Amino acid sequence: MDLLDIAKRNTKKNAPIYIKLLSLFSVVRGYNIALIVIAQYLASIFIFSPEKTLKHVLLDVDLYFIVLSTICVIASGYIINNFYDFEADKINRPVKAAIDSIVAQKTKLQIYFLLNFLGFIFALLVSWRAALFFSVYIFLIWFYSHKLKKYPLAGFFSAAILAILPFFAVFVYYKNFSEIIFTHAAFLLFILLIRQLIKDLEGIKGDFIHNYQTIAVKYGEYFTKILITILVLLTLNPIYFLLKYPEIGGMRYYFYISVVVLFLFVLFLWFSKSKNNYTLLHFVIKLLLFTGVFSLALIDYSVIINKILLK
């Protein structure tokens with residue numbers, strides 16, 4: 001029995017609680033939230049507080065509330081986005097849409113408002129700046145889902161920016177600016193823009209049917225591939241500047257590998273025509289994002305050793 005059969009057998013009324021929880025995990029994309037949380041902690045440990053012990057950072061209550069607020073607000077963002085995209089997802093991602101439908105739309109909205117409230121309260125426990133940051137972010141997510149995503153260019157850029165913005169919550173908390181983090185974030189932003197375009201190519205059929213004016217729908221696959229190629233070339237700029245910093249340590253090997261992967265990615269892109277091809281390319285980009293987050297731990301080997309040895 002595949003996932004689609006399981007989803008069909010478990011309707012909103014008769015589904016056991018663990019099935020509903022799995023459905024909700026699919027709606028909020030728990031794996032993406034986990035990645036952002038890991039990125040926040042890695043940045044806090046290895047960049048913003050390298051002189052502090054691992055125990056001190058992990059037991060920082062205020063940082064814990066920032067992370068909790070991040071989890072709540074990102075989860076609510078995925079819920080409202082899922083709410084507006086549900087019909088298109090039935091075509092583009094039928095299995096995921098079937099799983100997501102186990103939780104009723106009304107229930108999703110109730111959880112959405114609850115998570116936003118909790119996210120604001122957790123941030124307020126840290127500072128009014130943190131509360132303001134997350135309040136603005138909550139509004140921007142709703143505005144993107146309700147309005148901006150209907151316009152190709154606005155939706156394209158705003159989706160990538162909103163995806164990386166929670167990462168900067170640690171900037172607000174530490175009130176500190178790191179050139180390495182900022183440049184690395186610029187690299188990840190380009191990768192997120194590429195990912196957004198690949199998602200547009202992957203879901204072009206459902207977007208076209210529901211008149212979603214994505215770049216792929218409005219300007220076609222050929223133009224979208226040109227834009228992706230340009231963005232790949234633009235990623236070389238932050239890579240070049242990051243490699244000039246001796247502090248990045250072992251992270252440089254991640255960027256060496258990234259250049260090779262992106263070169264092969266572009267080659268395969270121009271030979272891709274089917275949804276399966278674009279799905280594979282989407283997976284490659286997600287893997288690059290995943291490893292990019294963990295590469296933060298390779299910035300300075302001495303810091304890692306000190307974090308382990310110091311008590």
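**Aromatic pairs and helix faces in a predicted model**

Ring pairs link Tyr64, Phe65 and Phe122 into a cluster.

A search of the whole structure returns 14 aromatic pairs. Is Phe65 buried or exposed? Its relative accessibility is 18%, and because the limit for burial is under 20%, Phe65 counts as buried.

Helix 7 has 20 residues and spans 29 Å from its first C-alpha to its last, close to the 28 Å expected at 1.5 Å a residue. Which residues of helix 7 are buried? They are Lys108, Tyr112, Leu115, Asn116, Gly119, Phe122 and Ala123. Viewed down the axis of helix 7, these buried residues fall within an arc of 135°, and they therefore line one face of the helix. The other side of helix 7 has Lys106, Phe113 and Phe117 exposed.

Helix 16 covers residues 275-294, 20 residues in total, and reaches 29 Å between its first and last C-alpha atoms, close to the expected 28 Å. Its buried residues are Tyr278, Leu281, His282, Ile285, Leu288, Leu289, Gly292 and Val293. Seen along the axis of helix 16, they too lie within an arc of 135°, so they line one face of the helix. Asn276 and Phe283, on the other side of helix 16, are exposed.

What, then, of helix 11? This helix runs over residues 179-202, has 24 residues, and reaches 34 Å from first C-alpha to last, close to the 34 Å expected at 1.5 Å a residue. How many of the 24 residues of helix 11 are buried? The number is 20, and helix 11 is therefore largely enclosed by the rest of the structure.

Thr214 sits in the loop between helix 12 (204-209) and helix 13 (215-234). With 12% relative accessibility, Thr214 counts as buried. The C-alpha atoms of Thr214 and Leu197 are 8.7 Å apart, while the two residues are 17 residues apart along the chain.

My last topic is the surface. Trp128, Leu132, Val136, Phe139, Leu140, Trp142 and Phe143 make a nonpolar surface patch of about 660 Å². Val136, found in helix 8 (residues 128-146), is partly exposed, with a relative accessible area of 42%. Trp142 is likewise partly exposed, at 31%, and Phe143 counts as partly exposed at 30%.

On helix 7 itself, Phe122 is among the buried residues, which line one face.

Methods:
Residues numbered from 1 in each chain as written. Predicted model: local features only at pLDDT ≥ 70, side-chain atom pairs only at ≥ 80, totals over all residues. Heavy atoms only, no water. Phe/Tyr/Trp six-rings, centres within 6.5 Å; stacked < 30°, edge-to-face > 60°. Buried < 20%, exposed > 50% of the residue type's maximum accessible area, 1.4 Å probe, protein only. Helix = DSSP H or I, 4+ residues; strand = E, 2+ residues; numbered from the N terminus. Expected span 1.5 Å × (residues − 1). Arc of directions from axis to C-beta. Patch = residues over 30% accessible without salt bridge, like charges linked within 9 Å, V, L, I, M, F, W, Y side chains within 5 Å. Areas by Shrake-Rupley, 256 points an atom, 1.4 Å probe, with all protein chains shown as cover. Salt bridge = Lys/Arg side-chain N within 4 Å of Asp/Glu carboxyl O.
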